[in-house]
Amino acid sequence: MSLLKIKRNKKGVSSIISTLLITSIMVTSLALTYAYIIPTMNRGNMNATIATSALFLVKMDGAVQTMFYDGVGSSRSFEVDAFSGNLEFISYGINFRAFIDGSLYLPIPGLEYGVAKLTIPGDTAIMPHNSKDYIKGSPYYSPVVTTGDETGDPGTITLERPTSDLYLMELWYRLVLLVKDTGVGGTIDVTLVAVEINAAESVRGLHSGTYNMKLNKTAIIVNPTIHGFNANGDPITTSGDDFYLTVNKGSGPIIVYSSSGSRTRVSFSLIIYSFDIITTKLD
């Protein structure tokens, strides 16, 4: 074989090796893109969506709570920052009961609490399936805020991944329980405060435009007849021994307040804050 042929053969081999190297680099780059870069980008996008939605619910919670001590007719307006999913407002029932002398004396089975719910589609795993995180609040908190509660904040925001392709965020309010107990032989005055959220319709497809939300405080209802109070709106009163209160959200009754010994008067009142929500599409 001549030297010229040997050189030509080496050039051909070099071209093949170069082609193979370039091809392997391209395949490796594509594999890295699909294995690492794209999933990382998807997780970043989902984290941004969840963070923005959480900030929106925090802002909504702040607006509601600043209106607790406002009069009827007060309002707040702000932009809906959440840019993905659906926004709806629903109500859940909660059973509240008062016992004295070992017997039930005041049931309030029809009490409701409002929930603002964001349903966000997404199959990117940023949290385990069938798990729940508390953005605000804690799973260990009582369903009511009592005078002895250290947080004193009824607002709760949760993030849940019930299925592999869906995330749920909810804002809801614990009941507020105010108790004045003067001790054995004295009196107990109880006031329960509940927050109701009402909306005419839900918002489907937050990504389709820009929305504005208006909160209106439409009513402050004191001792409504629908929950067993008389037409004058007076508190329900009794007397006796060993008074306690329970709340049941569906997982069984939880004692949220108890006292031992006799009381000459036990007085109970209920206040309901009612908020209407109007959502308007701006573009």
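This is a predicted model: local features need pLDDT of at least 70, side-chain atom pairs count only at pLDDT 80 or more; totals for chains, interfaces and linings use all residues.

Let me begin with strand S7, which spans residues 166–173. How many of its eight residues are buried? Seven of them are, and the strand is accordingly described as mostly covered. S7 runs antiparallel to S3, and seven bridges join the two. Strand S6, residues 155–163, is also antiparallel to S7, again with seven bridges between them. S6 and S7 make a hairpin, with two residues separating them.

The largest pocket has a volume of about 310 Å³. Its lining comprises 19 residues, and those nearest the centre are Tyr-113, Lys-132, Tyr-134, Trp-172 and Lys-249. Which elements give two or more residues to this lining? They are S3, strand S4 (131–136), S6 and S7. Sorted by class, the lining of the largest pocket holds nine nonpolar, five polar and five charged residues.

The second largest pocket contains about 220 Å³ of space. Thirteen residues, written as 13 in my notes, line this pocket, and Phe-68, Tyr-69, Val-176, Leu-178 and Val-193 lie nearest its centre. Strand S8, residues 175–181, gives the most to this lining, with three residues. The lining of the second largest pocket has nine nonpolar and four polar residues, and no charged ones.

Finally, I would draw attention to backbone angles. Most residues other than glycine have a negative phi. Asp-101 is not a glycine, yet its phi is positive, at about 55 degrees. Asp-101 sits in the loop between strand S2 (86–100) and strand S3 (103–121). Asn-223, also not a glycine, has a positive phi of about 50 degrees. The loop that holds Asn-223 lies between strand S10 (211–222) and strand S11 (236–241).

Are these two residues buried, or partly exposed? Asp-101 has a relative accessible area of 48%, so it is partly exposed. Asn-223 has a relative accessibility of 3%, and therefore counts as buried.

Thank you for your attention.

Methods. Residues are numbered from 1 along each chain as its sequence is written. Side-chain values use heavy atoms; hydrogens and water are left out. Helices (H or I, at least four residues) and strands (E, at least two) are DSSP runs, numbered from the N terminus. Buried means under 20% relative accessible area, exposed over 50%, partly exposed in between (1.4 Å probe, protein chains only). Two strands pair if DSSP finds at least two bridges between them. On a 1 Å grid over the protein atoms alone, a cavity is a set of points where a 1.4 Å probe fits but cannot get out, and a pocket is an open set with protein on both sides within 12 Å along at least five of seven lines; lining residues have an atom within 4 Å of a point. Grid points are joined across faces, edges and corners, and a volume is the space filled by probe spheres set on the points. Ala, Val, Leu, Ile, Met, Phe, Trp, Tyr, Cys and Pro count as nonpolar, Asp, Glu, Lys and Arg as charged, and the others, Gly among them, as polar.
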